[in-house]
Amino acid sequence: MANEQNALDIINDPKNRVTDTADAEAGENRNDAGEPGGEKKGVSRRNFLKFGGVAAAAATMAGAAGAGFAVGRSDDAYTGYGRTYQGGDQFFNREPFRCDVPVMMEPVGKVERPEWTEYLFLRLRALVDIIKSGKWTPDMGVEALPGPVGDHYRARPGELEIMLETLKRNVKRAEAWKKDKNKRYALAGAYNMALRLGGMELPGHVQRIPEDPHDEHMRTGKPIPPEDWDFRGIWREKPLEFKSPKHASVLIKRVAHQFGMSLVGITKFDPRFMFKGLMRGMPDKGHYTWGDKVPEHWKSIIIFGVPMNWDGTYSAIGYSTSFDAYFRSRCAASLMERFIRELGYPARAQFPGSNYEIMMSPYVQLAGLGQYSRAGVVMVPELGSNFRPAAIVTNIEFEYDKPIDVKMADFCKKCKICAEQCPSGAISFDDEPQTVVRGFKRWKLNEEKCYQQWASGPTQDGLGCRVCIGVCPYSRKNTWIHAISREAEPRDPTGLVSQGLLTMQKNFFKFHEAEDYRSDWDGGKEASYHNPPWWMRPENFLEIEKDWEYHGME
Ligand code: SF4
Ligand code: SF4
């Protein structure tokens with residue numbers, strides 16, 4: 001935050017003001033009609049009941065859903081926590097749905113590798129550093145913004161303004177947190193920071209789990225190319241040979257489950273999804289020095305991951321933390337990196353939050369774990385979009401998994417709940433995926449708007465919103481009604497099952513207006529989709545006067 005405070009001092013200097021809009025100060029995104037909360041189009045929830053024709057089916061399914069909803073309140077319905085060590089949390093049979101090309105990954109144009117600036121957190125840091133260095137101030141305009149970050153924003157009109165406004169919100173939120181938020185969110189914030197500072201990033205960023213070549217480069221000043229880092233600690237003269245690629249896959253998947261990972265898939269390394277110009281361990285993380293090189297020993301990628309804690313995620317905004325799952329998937333990445341090197345093979349962990357050289361979403365698809373959604377993230381059958389992956393790059397020859405198509409994209413075309421509920425208007429309402437992103441047509445999340453919503457959150461680091469995950473019909477607990485839906489929906493050619501499921505979802509659950517989700521310092525009610533879990537309510541444990549209301553479903 002200190003970094004951002006310094007950058008903010010520069011942004012706020014009157015002589016550096018690029019705009020002075022009241023809307024920006026109020027922190028509101030407005031649609032064409034001037035309504036807060038971004039674009040709102042299509043069939044509203046309130047009008048949804050006016051559509052007839054499914055009443056009888058809906059009534060039957062409503063009874064079933066009611067029972068399923070009740071069962072879903074039991075902790076036993078968690079997915080991704082209880083049976084992982086035996087591989088029991090990866091239970092969806094993907095074989096009938098294997099396909100050759102992942103959904104929304106059929107090229108429609110020239111496929112280009114991502115620039116490192118497409119990595120939100122790296123471009124954020126780079127922007128803050130540029131402002132702090134005094135090389136650029138907002139009054140100079142986007143044309144003068146130097147380096148690749150300038151190229152990025154010049155190609156995306158309007159997004160720089162959103163990011164500058166977000167930097168201001170980050171500082172406002174930090175002030176609000178210090179003032180009174182560590183009362184209402186004391187437990188939620190402590191849980192978040194325990195995972196973040198206790199395991200994700202030790203203070204000063206000097207040592208992390210797993211070890212990071214960037215940290216070593218910072219300590220020693222010596223560049224560490226992957227030809228060095230990835231082979232470190234290998235003591236065998238020759239790697240142990242697997243009986244076959246299939247044997248290698250079976251072993252590594254079992255070990256990933258043993259390391260606590262709910263889901264695992266393996267795919268071939270594909271350089272199209274490796275950031276250009278980015279290599280941790282090289283000067284400036286390689287932003288300026290690495291170029292287009294692809295290490296020759298990068299042949300295969302093992303993808304694995306876990307869900308975030310259900311209770312907090314279901315509440316969303318304020319009570320949830322991505323660090324929950326980030327922590328566990330990056331710990332597993334550390335263990336797997338070491339395990340593979342012990343067998344005599346190079347291994348390089350790719351792990352959250354800012355330690356990737358590759359894009360995760362395409363690889364999660366290619367490894368057959370899930371598919372793209374409207375919300376711009378990959379959903380998996382077992383957990384919906386509540387899945388946080390890490391990966392290992394290696395040269396082991398595996399039997400690779402094929403992608404799957406379980407018709408999630410078809411469901412997304414009708415559903416749009418995440419787009420309606422997204423407080424920032426970051427999710428597309430387009431009926432069909434139609435943004436071409438580096439050669440692929442898909443729904444595209446507006447990252448700048450999404451991150452701005454995070455910055456508007458109530459907890460101390462503002463990392464998160466996740467309303468889109470909490471409200472998504474795919475991100476349900478593993479009750480019998482969810483199990484039936486998961487199996488029946490992709491096999492139903494009529495679309496009636498998905499229509500019935502949507503009717504239930506839109507009428508059984510309480511949804512807020514977008515502005516309700518805003519923090520009180522930002523003019524909102526601090527609504528949650530559901531109320532926080534009992535163990536995140538400070539009034540249940542602390543001598544604390546509760547002077548707020550919860551605005552969610554029990
Ligand atoms: S909420 Fe609906 S539209 Fe959004 S990702 Fe989930 S299924 Fe798709
Ligand atoms: S995290 Fe929040 S702001 Fe971002 S896309 Fe999801 S609902 Fe929208």
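1. Starting with helix α9 (residues 213-220): Pro213, His214, Asp215, Glu216 and His217 are buried there, buried meaning under 20% relative accessible area, with exposed over 50% and partly exposed in between (1.4 Å probe, protein chains only). Helices here are DSSP runs of H or I with at least four residues, strands are runs of E with at least two, and both are numbered from the N terminus. The cover over the buried residues of α9 includes α10 (226-229) and β3, contact being heavy atoms within 4.5 Å. At the N-terminal end, Asp212 caps α9, with a side-chain oxygen 2.6 Å from the backbone nitrogen of His214. After α9 comes Gly221, which has a positive phi near 75 degrees.

2. A word on what we are looking at: this is a predicted model, where local features need pLDDT of at least 70 and side-chain atom pairs count only at pLDDT 80 or more, while totals for chains, interfaces and linings use all residues. Residues are numbered from 1 along each chain as its sequence is written, chains are lettered from A and ligands numbered from 1 in the order in which they are written, and side-chain values use heavy atoms, with hydrogens and water left out.

3. Now the sheet. Its 4 strands form an open sheet in the order β1-β2-β6-β3, with antiparallel pairing; two strands pair if DSSP finds at least two bridges between them. β1 (263-268) and β3 (347-350) are at the edges with a single partner strand each, so one side of each has no neighbour in the sheet. From one strand to the next, the twist averages 20 degrees. Between β3 and the antiparallel strand β6 (residues 388-394) there are 4 bridges, and Arg348 sits opposite Val393 in β6. Helix α13 (residues 323-342) packs on the sheet, touching β2 (300-306), β3 and β6, and its direction makes about 15 degrees with that of β6. For such angles, axes are lines fitted to C-alpha atoms, for helices over the stretch in contact, and values run from 0 to 180 degrees between N-to-C directions.

4. His297 is worth a look. It lies in the loop between β1 and β2 and is buried, at 11% relative accessible area. Its side chain makes a polar contact with that of Asp230 at 2.8 Å; such a contact is a pair of N or O atoms within 3.5 Å, where within protein one must be able to donate a hydrogen and the other to accept it, and residues adjacent in sequence count only if both atoms are side-chain atoms. Beyond four places in sequence, His297 touches residues including Pro346, Thr394 and Asn395.

5. What does the side chain of Arg113 reach at 3.3 Å? That would be the backbone oxygen of Pro271, and the backbone oxygen of Phe275 lies 3.1 Å from a polar atom of the Arg113 side chain. Arg113 belongs to the loop between α4 (55-71) and α5 (120-132) and is buried, with a relative accessible area of 16%.

6. On to packing. The largest nonpolar core has 84 residues, and Leu127, Ile303 and Ile358 have the most contacts inside it. A core here is a set of buried Ala, Val, Leu, Ile, Met, Phe, Trp, Tyr and Cys residues joined through side-chain atoms within 4.5 Å. α5 gives the most to this core, with 8 residues. Another core lies apart from it, with 26 residues, among them Ala325, Ala333, Phe351 and Phe398.
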